[in-house]
Amino acid sequence: VIIAYNPCDWRLEGCVVTGGRGEGQGGGGIDVQQGRVVLQRCRISQNAGLQGGGVRVAGAALVDASDCLFVDNSAEGIGGGAAFANRGGTLVLRRCTFTGNRGKHGSALLAGRGGFGGRINATNCLFAKEQVGLVVAVHGEGQLTLRHSVIAKLAEMVSEGVVVGDGVVEREVPLRLEAPRYGPLFTAQLRGLGTSDEDSIDTDLYKRERGSVLVGAVA
C-alpha cells in the first residue's frame, strides 16, 4: 500500500492500511527503507508479505507507531507477521494491540539480521489471546526489547534473544468483537498495568478518554 524507498518524513493519523501485498523481502502494508514514518491511531490489517506482513522497516529508516492496531497480517517467509525490522531499521511501538497475525518466527514481531540488524522497541503493548505461536522473536543480529506489555505465555511466545524488561505481564486477554472492537473483553485484567510517563496517552484508537488502561490501542 505504501512504499518509501527514497527519503521521507510522513505522518499518518487515523488511517486504515489494508489488503496490501509486499514485493521482494516484504512489507505488505507499509515498506520503509529511508526516512521516518509516524503512525498514530492507525489500523494495519489483512496485509501480506514475505516478512513484515503489516510493516517492514529496513536501512536508514524509522517507523514510530502509537495507539495502533495490527490485525490479521501474515508473513509467508521467516516471520514477522505484523512487523519486521532489519538492516539497521528501527521500529518503535507504544500502546499497540496485536491479534490474529501469522508468521512462523514471530507471528507478531521479528527483529531480523542484515547489516547491523533491525531494532524493535515495544512498550505498553498488548499481545492478545488470539495472537498465537511464537509471537515475539529475534533472528541473527536483530535487537528487540519488550517493556510494560502483556503477553499470554512468555516461555512459549518469546524467543531467545528478546530483552524482556520491566513490567511485562503474563495474561491471556481476549478482545471484544463488538464496538468498541479490539478492546479488552475484561478491562479489569489490564487496569493499572503499564506506565504513565508520557503526556500523549489521553485518548485511545477511537479517540476516547483512556481512563486507567494504558496497555494496548483501545482503553
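Predicted model: local features only at pLDDT ≥ 70, side-chain atom pairs only at ≥ 80, totals over all residues.
Biologist: Where is glycine 114 found?

Modeller: Elements here are DSSP runs numbered from the N terminus, with helices (H or I) of at least four residues and strands (E) of at least two. Glycine 114 sits in the loop that runs between strand 13 (109-111) and strand 14 (119-123).

Biologist: And which residues is glycine 114 in contact with, leaving aside its neighbours within four places in sequence?

Modeller: Contact means heavy atoms within 4.5 Å. On that basis, glycine 114 meets Asn86, Arg87, Gly88 and Glu141, once neighbours within four places in sequence are set aside.

Biologist: On to strands. Which strand does strand 4 pair with, and over how many bridges?

Modeller: Two strands pair if DSSP finds at least two bridges between them. Strand 4 (residues 30-40) pairs with strand 7 in the parallel sense, over ten bridges. One place to look is valine 37, which stands opposite valine 63 in strand 7. Strand 7 also runs parallel to strand 11 (residues 90-94), with five bridges joining them; there, leucine 91 is the bridge partner of valine 63. Strand 10 (residues 83-86) is parallel to strand 7 too, through four bridges, and phenylalanine 84 in strand 10 faces arginine 56.

Biologist: Why is strand 7 largely enclosed by the rest of the structure?

Modeller: Because ten of the twelve residues of strand 7 (residues 55-66) are buried.

Biologist: How many salt bridges does the count come to?

Modeller: The test is a side-chain nitrogen of Lys or Arg within 4 Å of a carboxyl oxygen of Asp or Glu. That rule gives ten salt bridges. Take glutamate 13 and arginine 41, whose closest N and O atoms are 2.7 Å apart. This pair links distant parts of the chain, 28 residues apart: glutamate 13 is in strand 2 (residues 9-13), and arginine 41 is in the loop between strand 4 and strand 5 (43-45). Glutamate 13 is partly exposed at 38%, whereas arginine 41 is buried at 10%.

Biologist: Which residue does arginine 21 form a salt bridge with?

Modeller: Glutamate 76, with the closest N and O atoms 2.8 Å apart. Arginine 21 is in the loop between strand 3 (16-18) and strand 4, and glutamate 76 in the loop between strand 9 (74-75) and strand 10, so the pair ties together parts 55 residues apart in sequence. Arginine 21 is exposed, at 51%, and glutamate 76 is partly exposed, at 47%.

Biologist: Rings next. How many aromatic pairs does the structure hold?

Modeller: Rings of Phe, Tyr and Trp (its six-membered ring) pair if their centres lie within 6.5 Å; planes under 30 degrees apart are stacked, over 60 edge-to-face, and the rest tilted. There are two pairs here. Phenylalanine 70 and phenylalanine 98 are stacked, 5.0 Å centre to centre with 10 degrees between the planes. Phenylalanine 70 lies in strand 8 (residues 69-71) and phenylalanine 98 in strand 12, so the pair ties together parts 28 residues apart in sequence. Phenylalanine 98 and phenylalanine 127 are stacked as well, at 4.9 Å and 10 degrees. That pair also links distant parts of the chain, since phenylalanine 127 is in strand 15 (residues 126-127), 29 residues from phenylalanine 98 in strand 12.

Biologist: And which residues do the ring pairs link into a cluster?

Modeller: Phe70, Phe98 and Phe127. Phenylalanine 70 is buried at 1%, phenylalanine 98 at 0% and phenylalanine 127 at 1%.

Conventions: Residues numbered from 1 in each chain as written. Heavy atoms only, no water. Buried < 20%, exposed > 50% of the residue type's maximum accessible area, 1.4 Å probe, protein only.
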